[in-house]
Amino acid sequence: MSTIRVSDEVKERLRDLKRDDETFNDLLDRLSRSEKDVEAIAESLSEIGGDDFGERTREAHEELNESLERRTE
């Protein structure tokens, strides 16, 4: 186990992003997943949800990224 020092301001922003059932470790794990992970999931789900499901998932992912970027500005 490691300790990561962050400012109080960063900790507050992380706390705002954290889900009720998540630890900070869970949050950082979720936020640090690569886009390749998300794309792989989207591709596998498109097989289940139809031809445009993967595209809709990618669009939702892009919208989420843009939203998170605006939040940190």
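Student: Okay, Glu 9 and Arg 13: which helix do both lie in, and how many residues apart are they?

Tutor: This is a predicted model, where local features need pLDDT of at least 70, side-chain atom pairs count only at pLDDT 80 or more, and totals for chains, interfaces and linings use all residues. Residues are numbered from 1 along each chain as its sequence is written, and side-chain values use heavy atoms, leaving out hydrogens and water. Helices are DSSP runs of H or I with at least four residues, strands are E runs of at least two, and both are numbered from the N terminus. Glu 9 and Arg 13 are about one turn of the helix apart, and that puts them both in helix α1, four residues apart.

Student: What joins the side chains of Glu 9 and Arg 13, and at what N to O distance?

Tutor: A salt bridge needs a side-chain nitrogen of Lys or Arg within 4 Å of a carboxyl oxygen of Asp or Glu. Glu 9 and Arg 13 meet in a salt bridge, N to O, at 2.9 Å.

Student: Is Glu 9 buried, partly exposed or exposed?

Tutor: Buried means under 20% relative accessible area, exposed means over 50%, and partly exposed is in between (1.4 Å probe, protein chains only). Glu 9 has 55% relative accessibility, so Glu 9 is exposed.

Student: Why are Glu 12 and Arg 15 separated by about one helical turn?

Tutor: Their side chains also meet in a salt bridge, at 2.6 Å, N to O. The separation is about one helical turn because Glu 12 and Arg 15 sit in helix α1, three residues apart.

Student: And Glu 22, which pairs with Arg 30 in a salt bridge: buried or exposed?

Tutor: The Arg 30 and Glu 22 side chains meet at 2.8 Å, N to O. Glu 22 comes out at 11% relative accessibility, so Glu 22 is buried.

Student: What share of the chain's residues count as buried?

Tutor: The chain has four helices and zero strands. Out of its 73 residues, the share counted as buried is 8%.
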